[in-house]
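Student: I want to go through this model with you. Please tie each label to its cut-off.

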Amino acid sequence: MEVTFNKKETFRTYFKNFWKSMKKTKYLHLLALPGVLYYIIFHYIPMYGVIIAFKDYNFRKGILGSEWVGFKHFIRFFENPFFWRLIRNTILINVYQIIFVFPLPIIFALFLNELRDGFYKRFVQTVSYLPHFISLPAIIGMMVMFLSPTDGVINMILQKMGLPTIYFMADPKWFRPLYIISDIWQHLGWGAIIYIAALSNVNPELYEGAVIDGATRVQMMRYISIPSIMPTIVIMLLLRIGHIMSLGAEKVLLMQSPLNYETSDVISTYVYRRGLVYGEYSYTTAIGLFNSLINLTILIIANKITKKVTETGLF
Amino acid sequence: MVKDNSLSTKILTLIVHTTMIFVLIVTLYPVLNVFASSLSSADANNRGIVTIFPIGFTLDSYKMIFTAGAVPRAFKNSVVYTVIGTFINLILTTSFAYPLSRKNLPLKSFYTWLVIITMYFSGGLIPLFILVKNLGLYDTMWALILPGAIHTTNLIIMRTFFQNIPHELEESAYLDGANEFVIFTRIVLPLSKAALATVGLYYAVGHWNSWFNAMIFLSDQRKFPLQLVLRDIIMLAQILQQAAEAGDLSARQELGLINAKGVKYATLFVSMVPMLAVYPFVQKYFVKGVMIGSLKD
């Protein structure tokens, strides 16, 4: 059989077919259009905007018109005496979150799994979600009030015990513990949902069989529950590690004051302060870009590991 | 059934129940204490004796925040931003999620990549700020609504939900002469109430609790949402208190005149009550939503 392959011809039929199927699905593309425009305008235009990291951005000249300055802003950041402090604070809070905040929802889910279905279980579960629905200003507001050196309940207890008053919110030593403890309070129940879901998918026959074999509850937890949620734990952990260099400004800003900068100042708050408060647009965009490139690198490595370990990567 | 009476089980049961009771107390106490303090007299608040029941019951703090100052206006602003914002979120999210859920859609992988890339890379705070200024959105309520019009996680939740709707329904409607737009609005959306409720609540919580965007994109105080006002009240109270501790007499007087703690707690409680009132009713859908949100393919 003779096959004639005409490149031009296949190209044309390809486009013809493509156009035909586009026409057939025109309403679907019309539906997608606002979403596509949203992503282009509010995500891709700012990505294009990062070129001001290599320029001296001037509001009147605009992004295109401003002058190129190469890596000036990056070098300025690396030579900044606060560079290592910002990196250390950002990473340390993340590391403490992984050590202290990450495992607790898993334990909570396992414990919840030990309760019999019924009102009590549902009540605990509902209550545990509650802090997730409270805003950060409200959470930090409560914290400030409970920890107040003059009329906060914690210091009152300390006084009754004859201990000295602690200025929690102003003391750099207390910034990280308070950040972590309030994180645990806010995310314990909500963070457990994914593990609760994973536990509910475990085949009940496994437990029934174990009961017949005379296994204790602890053994069932050890040999059935934990192994069956292990893939979820590994994925969540690697996902979490992928974000070790990022920390949003929102919560830190609420807890921060010049008194505790030593431990509280992180990359995102520095970008906010120098960028939006002092108007150093190009410099802080360079810092943000540096930060996201490191993040991206860590994420790609974490993803590679996830794929190896669980065969289900993040992307 | 073999009864499990081992010592380890008894210890486990003890630990589990102790933990659960601890979680209940630690979660509920602060919220109940805030509520009780907001209803207590200045004297009781200053002596720090309020636990979870009001002492010297009074509605003065609520009267105060709702008759004067920024709270009523900010509350109204927050309601407006939450309602309009969530409405726009849902329209954009569902209308984009539906095409993404359809198999064999030409350009589908282009659309998917367009979305996925933004999950791992972004321009950052300053370029977004410049964009909002250049678009003329600065100091308008649209600056709080448009930049976050779609959250990718919620988009994925909606898409996965749409994927699970039996395709035969859509096909038979198509044969009856309905176009894709009609199928989407008349068949798919009415079948998706559970997903709409979940995603709608996620968006609504986000709008109601947000303050950072308002702080950077709004300068007119009359447009401030409640959470930003709350933050200012708490910060101001901090400053007043520090001044009073440092011996500033006028600050000390000002603190004494008003039930400062009661007012702060009342504002706090007002800021959290709408979301706390709603979530127990939508919570049966959460598990599904969170689970889908954490999967990507």
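Predicted model: local features only at pLDDT ≥ 70, side-chain atom pairs only at ≥ 80, totals over all residues.

Student: How do you know how many residues of chain B are in contact with chain A?

Tutor: Contact means heavy atoms within 4.5 Å. By that test, 101 residues of chain B are in contact with 89 residues of chain A.

Student: What is the area buried between chain B and chain A, and how much of it is on carbon and sulfur atoms?

Tutor: Buried area is the accessible area (1.4 Å probe) that two parts lose on being put together, summed over both. Here that is about 8,600 Å², with 78% on carbon and sulfur atoms. Met20(B), Tyr120(B) and Phe121(B) supply 8% of the area chain B buries against chain A, more than any other three residues.

Student: How many salt bridges are counted between chain B and chain A?

Tutor: The count is 0. A salt bridge needs a side-chain nitrogen of Lys or Arg within 4 Å of a carboxyl oxygen of Asp or Glu.

Student: What makes Asn104(B) exposed, and where is its place?

Tutor: Exposed means over 50% relative accessible area, buried under 20%, and partly exposed in between (1.4 Å probe, protein chains only). Asn104(B) has 76%, so it is exposed. It sits in the loop between helix 4 (71–101) and helix 5 (108–120) of chain B. Helices here are DSSP runs (H or I, at least four residues), numbered from the N terminus. Asn104(B) is not a glycine, yet its phi is positive, about 60 degrees.

Student: Why is Leu107(B) called partly exposed?

Tutor: Its relative accessibility is 33%, so Leu107(B) counts as partly exposed. Leu107(B) lies in the loop between helix 4 and helix 5 of chain B. Its phi is also positive, near 75 degrees. Most residues other than glycine have a negative phi.

Student: How do you know that the span of helix 5 of chain A agrees with its length?

Tutor: The expected span is 1.5 Å times one less than the number of residues. Helix 5 (residues 83–101) of chain A has 19 residues, so it should span 27 Å; its end C-alpha atoms are 26 Å apart, which agrees.

Student: What makes helix 15 of chain A mostly covered?

Tutor: In helix 15 (residues 267–277) of chain A, 9 of the 11 residues are buried. Among them are Tyr270(A), Tyr272(A) and Arg273(A).

Technical notes. Residues numbered from 1 in each chain as written. Chains lettered and ligands numbered in written order. Heavy atoms only, no water. Helix = DSSP H or I, 4+ residues; strand = E, 2+ residues; numbered from the N terminus.
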